[in-house]
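Please read them beside the structure.

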Amino acid sequence: MSNFKENNMGGDSLHGKCHDKKFAVINPTRMCQPMGAVQAMMGLKNAMPLIHGSQGCATYMRFQLIRHYREPIEVASTSLSEKTVIYGGELNLLKALKNISEKQNPEIIGVMSTCLTETIGDDVNGMIKKFKDVNIGKNLPAMVSIPTPSYAGSHVEGYDKAVLSLIKHFARKMIPNNKINIILGNLSPSNLAEIKNIMKDLNVEPILLTDASENLDAPLTEETLELHKFGTSLEELRDTANSNATISVTKHNDSGAKYLEKVFGVKSISGSMPIGIKNTDAFIKSISDAMNVSIPKKIIRDRGRLSDVLVDAHAYNYRRKVAIFGDVDMVIAMARFTHEMGMIVEVLCVGTESPRFKKDLNELIDDMNHKPIVLENKDLHDFGMVLESNPVDLIIGNAYGAQIANRFNIPLFRVGFPIFDRIGAQRISFIGYNGGIKFVDAITNTIIDFYYDEEGYKFADKKLSFDTQSFETHI
Amino acid sequence: MKEVSIGKNDIFEQKPMKSPTDPIIDTFKSRESHICVKSGNLSLPQCDTPGTPGTVTQRTCVFGGARIVLMPITDALHLVHGPIGCASCTWDIRGSKSSGSKLYRHGCSSDLTEKDIIFGGERKLYDSIIDLHKLHDPGAIFVYATCVSGVIGDDIKSVCKQAEKITGCRVIPVESEGFQHHNKTKGHWIGCDALLDHVIGTSVHENPTKYDINIVGEFNVAGDLWGIRPLLSYLGLNIITAITGDSKIDDISKAHYAKLNIVQCQKSSNYLAKKMEKKYDIPSLKVNFFGISSTINSITEIVEFFDDDEMKMKAEVLITNMTKNLDEELEEYRQRLKNKTVALYAGGNKSWSLVRSFEELGMEVILSGTKNGMKEDYERIMGVVKEGTVVVDDANSDELMKLLKKYNPDLLISGAKEKYIALKLKIGFCDFNHDRISAFAGFKGFLEFAKEVDAAVSTNVWDTVKTPNFFLKNDQNCKS
């Protein structure tokens with residue numbers, strides 16, 4: 001008898017289960033490419049994202065970002081309307097570039113395309129060139145075209161394309177800088193801050209792609225309403241070509257790293273998201289190897305503290321069944337961490353499909369000696385259906401999981417994007433040893449709150465009572 | 001500010017209206033005429049024009065406008081025919097409550113991908129509709145067109161027709177391509193048209209009475225309808241349905257039996273009431289259940305319409321009892337809120353209808369604006385605000401910030417996108433859109449409203465967060 005479930009539903013049998021829904025997506029777990037690109041733009045200093053499309057694209061994406069981060073968020077729109085769709089969006093884009101250059105005057109304008117402008121065939125690069133040509137000699141912002149057709153891929157690819165476009169546009173070979181590039185993905189400001197802390201501890205100077213740690217968790221000041229004063233700068237983007245290596249902590253966001261490797265010989269390392277013991281160990285090791293630095297006592301003590309809290313919490317978490325949904329790289333790393341905590345990873349659900357996720361999953365299954373039910377390219381409807389016949393103790397995912405958690409009367413531990421029904425989404429931590437400590441504390445307390453009485457006992461009366469009626473009296 | 005050119009296209013630039021006085025805030029020349037002061041530079045702000053490209057617009061798209069009108073229908077499914085983003089950014093955001101079915105809270109998409117863009121998405125849409133019908137057997141499936149489904153020319157009308165034949169379920173096309181118009185009000189109308197063409201007038205009402213009414217343009221955000229419904233029921237009125245808050249398809253299909261339509265959100269739904277008047281000869285009455293006197297006036301006007309002695313008597317009893325202790329209960333809040341100033345930047349309707357409500361709290365509206373207002377909206381605003389009030393059309397986030405900084409009101413009433421602009425400026429904020437947490441309608445709702453406004457304006461947090469001089473000096477030292 002092992003942790004293997006007898007009648008476990010592997011990929012194939014699951015398709016049978018969901019046979020009645022082949023086409024429609026109900027309650028999606030992914031967003032579109034421009035959203036991911038905007039998330040990446042949020043981590044730039046003195047930059048303005050511009051969405052070339054209908055007003056709704058910019059507005060609804062801002063709406064989601066604002067209610068998640070609880071910060072004012074600026075995304076400009078080219079405000080296309082019927083006429084511009086017939087004659088092309090050129091005039092609107094040129095006007096937008098002019099207006100942004102004159103008004104906010106940022107250092108960088110990132111132009112995201114949308115399904116609409118890609119379909120009508122707007123040549124954004126050509127339009128940017130035209131704008132530059134008529135303004136020769138003027139000090140214009142750098143304008144980067146980020147092609148993000150919303151009908152392909154998901155927000156994960158959107159982030160990837162934004163980082164790639166920025167690197168392609170800016171990276172220039174100069175003198176080696178002895179820095180390390182880190183491509184992050186859409187992580188909370190607290191998680192980003194923890195990456196920076198680790199780098200400080202290791203005495204390594206990073207270039208973060210991109211660094212929204214200050215911008216999306218800003219103090220109460222008017223300055224927040226202006227262009228972002230923090231984040232990755234244009235100079236840093238330029239300097240990415242001169243770093244020792246690029247580490248992508250979200251594997252699916254490593255196109256920029258691959259480009260730097262191919263064109264400038266900057267080594268690319270695509271690792272797992274540093275969540276939990278094993279993944280953080282691997283992250284620290286790859287930096288230590290790439291930068292040839294030794295690991296300081298501070299980091300060893302942090303690791304020891306995470307080990308300590310895992311031991312403190314183990315009795316509450318052991319064999320608790322958990323279901324996780326969200327972005328590929330987060331889900332797989334979070335699954336490993338909950339396994340490390342002693343939980344049983346029962347169900348995983350991601351909105352996309354990728355061979356790298358499958359590979360990571362197989363590694364995880366080998367280590368766990370247990371095969372979870374995995375939903376790839378699925379939605380929260382499918383997720384709920386699976387939980388119907390495979391009950392779990394806890395769901396980990398974004399705020400959209402609340403309806404499902406409610407249905408099964410189990411707690412939802414909120415991570416990911418968007419989280420609009422609780423405060424502090426900016427400060428959710430799980431990255432590195434220190435983030436891991438906060439995570440274990442919080443998730444264990446969630447379990448105690450839900451499954452134990454107010455004195456901390458496990459509802460002993462129900463567990464210990466027995467029924468004498470069922471006794472066998474002939475002995 | 002440096003001048004840049006967009007080449008020969010410059011000649012197409014929209015010619016700004018001349019403003020005789022200094023601009024109210026620093027913004028684009030073409031935008032100056034959209035901001036005015038009552039009895040000041042302009043009689044009305046320029047409005048209903050395409051947005052300025054490159055600004056951070058607070059407006060949304062036609063698809064959003066249609067969706068917002070229809071989303072509260074509780075037993076319907078809402079299928080967005082487009083790439084995933086159109087659905088995943090807009091599902092379950094309406095904040096409208098249901099006393100029954102929760103189907104409307106699902107976010108459905110036909111998930112158009114690259115292949116569908118090339119070969120057309122009609123087949124996938126059809127299959128998606130069949131999927132949804134099999135799974136949930138909804139009262140209706142609304143199918144929304146998006147920018148891309150419009151551009152690739154998918155004929156959602158005929159797909160819906162075909163699917164309706166097969167499933168026997170109402171499958172209703174909503175032709176809401178996002179780019180259609182700069183004004184999302186167009187989307188509201190498209191949503192209303194979907195109801196007029198496919199739902200209203202399609203069933204038989206078994207027991208019609210002469211007191212049957214509809215509450216049009218009430219979306220039950222945070223449960224508003226539940227503050228209005230008991231008032232009207234007490235009067236002896238029989239509410240066939242609200243359109244569309246906490247409603248069911250079956251009820252809306254009988255809406256044509258009403259003897260009167262009362263219209264709460266006139267911005268989105270007057271269109272529907274007017275069309276029903278034309279088609280079914282149902283008169284309509286503009287009402288407003290936000291505020292004490294507005295609620296009393298609305299009740300009085302409804303009673304006058306029915307001209308029924310018993311109802312008149314009941315109305316008197318209702319108003320007397322509901323307002324008896326209200327002043328006493330409001331006293332505490334009025335004391336704290338007296339003479340505080342308010343900026344309104346919400347939907348067209350609220351920008352005028354709330355002015356009187358704030359006066360009832362002893363507060364003064366000093367700024368009012370809308371994102372998609374039309375001439376008649378601004379005329380109504382001008383009719384109710386005091387001299388010197390700033391009236392603004394389609395303010396982008398930069399302009400809103402500048403206006404808030406210049407006029408420094410104690411409170412901003414707006415939606416989620418504007419919330420943190422106010423809070424970062426240390427200006428109180430109260431959500432009156434989808435994200436609000438209390439019902440504000442009716443007499444009891446007004447008390448809730450007073451509490452929320454009080455929490456936003458009177459909280460001691462604004463004192464707590466003041467930075468002591470010591471830190472400011474320190475900051476200067478650092479700089480020097």
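1. Strand β6 (residues 180–183) of chain A and β7(A) pair in the parallel sense, over four bridges. Strands are DSSP runs of E of at least two residues, helices are runs of H or I of at least four, and both are numbered from the N terminus. Two strands count as paired if DSSP finds at least two bridges between them. Within this pairing, N181(A) has I207(A) in β7(A) as its bridge partner.

2. On the basis of the notes: this is a predicted model, in which local features need pLDDT of at least 70 and side-chain atom pairs count only at pLDDT 80 or more, while totals for chains, interfaces and linings use all residues. Residues are numbered from 1 along each chain as its sequence is written, and chains are lettered from A and ligands numbered from 1 in the order in which they are written.

3. The β6–β7 pair of chain A belongs to an open sheet of four strands, ordered β7-β6-β8-β9 (chain A), with parallel pairing. Its edge strands are β7 (206–209) and β9 (267–270) of chain A, each of which pairs on one side only. Neighbouring strands of the sheet are turned by 20° against each other on average, direction ignored. Helix α11 (residues 255–264) of chain A lies across β6, β7, β8 (245–248) and β9 of chain A, and runs at about 155° to β9(A). For these angles, axes are lines fitted to C-alpha atoms, for helices over the stretch in contact, and angles run from 0 to 180 degrees between N-to-C directions.

4. One runs from L209(A) to T210(A), with omega near -5°; T210(A) lies in the loop between β7 and α10 (234–239) of chain A. Another joins I243(B) and T244(B), with omega about 15°, and T244(B) is found in strand β7 (residues 238–244) of chain B.

5. How many residues of each chain take part in the contact between chain A and chain B? The contact involves 69 residues of chain A and 70 residues of chain B, where two residues are in contact if their C-beta atoms, placed from the backbone, lie within 7 Å. Elements giving two or more residues to the chain A side include α3 (55–69), α5 (90–103) and α7 (124–134) of chain A. That side divides into 34 nonpolar, 19 polar and 16 charged residues. Here Ala, Val, Leu, Ile, Met, Phe, Trp, Tyr, Cys and Pro count as nonpolar, Asp, Glu, Lys and Arg as charged, and the others, Gly among them, as polar.

6. Strand pairing also crosses between the chains. β1(A) pairs with strand β3 (residues 108–109) of chain B in the antiparallel sense, over two bridges. The bridge partner of I26(A) in β3(B) is C108(B).

7. Chain B has 21 helices and 14 strands. Its radius of gyration, taken over C-alpha atoms, is 24 Å, close to the 23 Å that the globule rule (2.2 Å times the number of residues to the power 0.38) gives for 480 residues, so chain B is as compact as a globular protein of that length. The C-alpha trace of chain B spans about 75 × 65 × 45 Å along its principal axes. Among contacts in chain B between residues at least 6 apart in sequence, 70% join residues at least 24 apart.

8. The domain assignment of chain B gives domain 1 (62–198), domain 2 (212–324) and domain 3 (326–464); such bounds come from an automatic or database domain assignment. The centres of domain 1 and domain 3 of chain B, taken over C-alpha atoms, are separated by 33 Å. Their contact takes six residues from domain 1 and four residues from domain 3 of chain B.

9. Of the 480 residues of chain B, 58% count as buried. A residue is buried if 20 or more other C-beta atoms, placed from the backbone, lie within 10 Å of its own, exposed if 12 or fewer do, and partly exposed in between. Helix α2 (residues 62–70) of chain B is mostly covered, with nine of its nine residues buried.

10. N339(B), at about 65°, is in the loop between α14 (326–337) and β10 (341–345) of chain B; it counts as exposed because it has 8 C-beta neighbours inside 10 Å. D394(B), at about 50°, lies in the loop between β12 (390–393) and α17 (397–407) of chain B; with 27 C-beta neighbours inside 10 Å, D394(B) counts as buried.
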